[in-house]
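Student: I have a new structure to read. Please show me how to go about it.

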Amino acid sequence: KPFLFFALPDYYLFSNWGHDACEIRDSYQGAVTYFYTDARESTLRTIDLTPFKTIQFLLHGFTYDTFDHLDSNELMFFENEPDGYDGSLILEEIFTLEMNPDLLILTACSSGLGKQIDGEGLYGMNHAFFYAGAQSILSTLWDVYIVETNRFSVLLNKLNARDEFTSKEVVIQAQKQLFTEN
């Protein structure tokens, strides 16, 4: 399965992050990865996302208390962007992406939150990524605990790369393995 991975670590707080990120990357043959300073909004917005069957963002996510605008949810990339990019991806920009992953993994705090809008449902990152073409999305309603999340991501991606399960089955199997380990 073609795999795309954007990861922005905080090396000072999460010393095992590099190992986990490499283990995730190495689960897939020919994975395309953008780590740390390469994890840029400008890169995401200029590459063809349509060939990738799994896309994972391990980034900082923010949801603001006001849901009045399309910038109430955002993913933060590496901040020093060229050519006028600001290093964050807001809902309005997510809607313009073209992709077709079977599974999109949003490993970012509160990435599953949004605003309930009559006739639309929950309006947030998930809504925007579905509109952009994602077939299924794994996101979180809470802050991400990086050690546990990285372990879950490693298990999930190892199972997903084998191409033996549906996206739903991959999540269930990874949860079972994680609970068995603990």
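Tutor: Start with a term: a salt bridge is a side-chain nitrogen of Lys or Arg within 4 Å of a carboxyl oxygen of Asp or Glu. This is a predicted model: local features need pLDDT of at least 70, side-chain atom pairs need pLDDT 80 or more, and totals for chains, interfaces and linings use all residues. Residues are numbered from 1 along each chain as its sequence is written, and side-chain values use heavy atoms, without hydrogens and water.

Student: How many salt bridges does the structure hold?

Tutor: Side chains of opposite charge can pair when their charged atoms come close. The structure holds six salt bridges. In one of them, arginine 45 meets glutamate 41 at 2.9 Å, N to O.

Student: Where do arginine 45 and glutamate 41 lie?

Tutor: An α-helix has 3.6 residues a turn, so residues three or four places apart point the same way. Both lie in helix α2 (residues 41-46), four residues apart, about one turn. Helices are DSSP runs of H or I, at least four residues, numbered from the N terminus.

Student: Which residues are linked in a network of salt bridges?

Tutor: Glu41, Arg45 and Glu93. Glutamate 93 meets arginine 45 at 3.4 Å, N to O. That pair joins distant parts of the chain, helix α3 (residues 91-94) and helix α2, 48 residues apart.

Student: Is glutamate 41 buried or exposed?

Tutor: Buried means under 20% relative accessible area, exposed over 50%, partly exposed in between (1.4 Å probe, protein chains only). Glutamate 41 is buried, at 1%. Glutamate 93 is buried too, at 17%. Arginine 45 is partly exposed, at 31%.

Notes. Helix = DSSP H or I, 4+ residues; strand = E, 2+ residues; numbered from the N terminus.
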